[in-house]
Structures are given as C-alpha cells and as structure tokens.
Amino acid sequence: MTMTDPIADMLTRVRNALRVRFDDVDMPASRMKRSIAEVLKREGFINDYEVVPGGVQGVLRINLKYGPDGEMLINEIRRDSKPGRRLYCGVDEIPRVLNGIGISIYSTSNGVLSDRECRTQRVGGERLATVW
C-alpha cells in the first residue's frame, strides 16, 4: 500500500511512542526522515537515531528522550505543510515557536534545518513540522 504522507506517519509514530513511554520507535527509513531526525537530535528533542538494515530501504530507529522525572520533552509535534497544502516561508516570515521554546523544521535549499538555523543562514523554505 502506498503511503501519501510519510513525514506525517513519522511524526505520528513518534507522538504515539512518547505517549506510551517507549524508549525507541521504528519506522521505514528515508533521507527526509533521517534529516528530520537529525534536526530533532541537534535541537535536543531526541537522544539519537540510527538506520538499521532491513526491508527495502532500512529501518530508522529513533531513541526518544525524556526529562529527569520521566516527563515528555516533546509536548506537541505537528505536521504543518501537507501534500494538499504546502506552506512556504521566507526568512523574514519565519515565526518563533512559543517565544523560542519550540522549533519549526524547514526544508530549504541548504537541507532540512530548524527555524534558528534558517535565521542564521538567512534561508527560507517549506515548513514541514512544529515541535514543542
């Protein structure tokens, strides 16, 4: 069966795994998903990720991160740009998520970046997701 929105599937798997306190979550791997996982790791929302050989394209395993008392660090993870409605932002239009507590993830000409990295590198792009 063909999946119409693999990024939304990734974010839903992470959201569901966090709600039931899993340590790891597995999903089919792709370059875009690896890039999103890399941004989440750089911004401190997950511990680590790895690509495990298996299946057609491999399996992306994300190691989830929790606070010192077991609280979730990701309270909300939302897909913004969808296949039916793409959202693009120029560098001057990039909003701050919860006054800098959260991040937006953008697909730019420089790769997949967080909103902070977009402002630093002065690039805009498609807003993929918002995390806080």
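**Strand pairing and packing**

Reply: Ser-107, in this predicted model, stands opposite Glu-126 in β8. Before we go on: residues are numbered from 1 along each chain as its sequence is written, and side-chain values use heavy atoms, with hydrogens and water left out. Because the model is predicted, local features need pLDDT of at least 70 and side-chain atom pairs count only at pLDDT 80 or more, while totals for chains, interfaces and linings use all residues.

Me: Ok, how many bridges join β6 to β8?

Reply: Six, and the two strands run antiparallel. β8 covers residues 125-131. Strands here are DSSP E runs of at least two residues and helices are H or I runs of at least four, numbered from the N terminus; two strands pair if DSSP finds at least two bridges between them.

Me: And what does β6 do with β7?

Reply: β6 and β7 (residues 111-114) pair in the antiparallel sense over four bridges. A hairpin of two residues joins them. Ile-105 has Ser-114 in β7 as its bridge partner.

Me: Is β6 mostly covered or mostly open?

Reply: Mostly covered: five of the six residues in β6 (103-108) are buried, where buried means under 20% relative accessible area, exposed over 50%, and partly exposed in between, with a 1.4 Å probe and protein chains only.

Me: Switching topic, what's the strand order in the open sheet of three strands?

Reply: β1-β3-β2, with antiparallel pairing. β1 (24-28) and β2 (46-52) are the edge strands, each pairing on one side only. The twist averages 20° from one strand to the next; axes are lines fitted to C-alpha atoms, for helices over the stretch in contact, and angles run from 0 to 180 degrees between N-to-C directions.

Me: Which helix packs on that sheet, touching β1 and β3?

Reply: Helix α1 (residues 6-19), and its direction makes about 160° with that of β1. Helix α2 (residues 31-42) lies across β1, β2 and β3, at about 155° to β2. Contact means heavy atoms within 4.5 Å.

Me: Last one, Glu-117: buried or exposed?

Reply: Buried, at 18% relative accessible area. Glu-117 lies in helix α3 (residues 115-121).

Me: What does the side chain of Glu-117 reach?

Reply: The backbone nitrogen of Ser-114, at 2.9 Å. That's a polar contact: a pair of N or O atoms within 3.5 Å, where within protein one must be able to donate a hydrogen and the other to accept it, and residues adjacent in sequence count only if both atoms are side-chain atoms. Leaving aside neighbours within four places in sequence, Glu-117 is in contact with Arg-42 and Glu-43.
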